[in-house]
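Dear colleague,

Please find below the structure that I am handing over to you.

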Amino acid sequence: MSSSNDTAGAPDVRGRLLIDEPAPGVARLTISNPQRRGALDHAILDAIASTMPALDARCVIVTGQEDMFSAGYDLSGLPEGIVAEEADKLVARPFAAAIDAVEQYEYPTVAALNGHTIGGGLELALACDLRIAAATIALGMPPAQLGLIYSHTGIQKFIDTVGAARTRELFLVGRRIDARTARSWGLVNSVAENGRLSEEALELAVEIAGNAPIAQRGNKRVIRELLEARVQLDPEVERELLELRRSSLSSEDFGEAVRAFGEKRRPEWRGR
């Protein structure tokens, strides 16, 4: 593994993203924000976006610390009275840049879900090619509980992975599911034996890194292009969906959800 200012094999800290090389040809990025339950703040998202293109590894593992992979985007950093334009700059753009950097990495990526994986944390996991989960974790998508309309590109990832019926269940019910259920849905590829997630994820990454690089790059691109080719939205419809999402970010309900999150209480919905 190498990047613009790494020392091979030595841990590197950029904001709250830890970078190391646990095996030859394998890079590991660890979300290090345990005080915020692995929440994805600007420092972490910017570090992911800048680090991924600079790596030179045949497989990249993305994981978390302690008992959380990620609780999603850090809502505590949003200002009171946020408007759609501010939300787009503070939430949508940095998150999209990080997701795109993971998806565009030319070699395979593995999400090692060491703990609960919620909201944007789950979309980050879906941006990886493969997912392996600890048996004790929960996974979920809480937009229905936040007054948030999720991005159509994000929802498409879930449809591609688990189908429309399961995507509706995740987004419209909002209930968390356990690792075994996630495995049966195809949301994760495998569930690690108790206490062996790190070892099993590394074994998988080493196996992947040992495969033919020209095949890995080529097959990953073929899969990505085929998936993208199936979804060609009419430009006008796409503009409407983007505006629909922006409208939720400036709604009273989303503002109430942010306040309730900070005050650790249930939101009081007004439907506007």
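For the packing described here, helix axes are lines fitted to C-alpha atoms over the stretch in contact, and angles between N-to-C directions run from 0 to 180 degrees. Please note that the model is a predicted one.

Helix packing

Helix α3 spans residues 120–127 and helix α4 spans residues 152–173. The two pack with their axes 10 Å apart, at an angle of about 60°. The helices α3 and α4 are therefore classed as oblique to each other, and their crossing is left-handed. On the α3 side, the contact is made by Leu-122, Glu-123 and Leu-126; the partners in α4 are Gly-154, Lys-157, Phe-158 and Thr-161. Sorted by class, this contact between α3 and α4 comprises 3 nonpolar, 2 polar and 2 charged residues.

Cysteines

The structure contains 0 disulfides. Cys-59 takes part in none, and the cysteine sulfur nearest to its own, that of Cys-128, lies 9.2 Å away.

As to accessibility, Cys-59 counts as buried because its relative accessibility is 0%. Cys-128, with a relative accessibility of 3%, also counts as buried, the cut-off for that class being under 20%.

Yours sincerely

Conventions. Residues numbered from 1 in each chain as written. Predicted model: local features only at pLDDT ≥ 70, side-chain atom pairs only at ≥ 80, totals over all residues. Heavy atoms only, no water. Disulfide = S-S within 2.5 Å. Buried < 20%, exposed > 50% of the residue type's maximum accessible area, 1.4 Å probe, protein only. Helix = DSSP H or I, 4+ residues; strand = E, 2+ residues; numbered from the N terminus. Parallel < 35°, antiparallel > 145°, perpendicular 65-115°, else oblique. Left-handed = near helix turned anticlockwise from the far one by under 90°. Contact = heavy atoms within 4.5 Å. Nonpolar A, V, L, I, M, F, W, Y, C, P; charged D, E, K, R; others polar.
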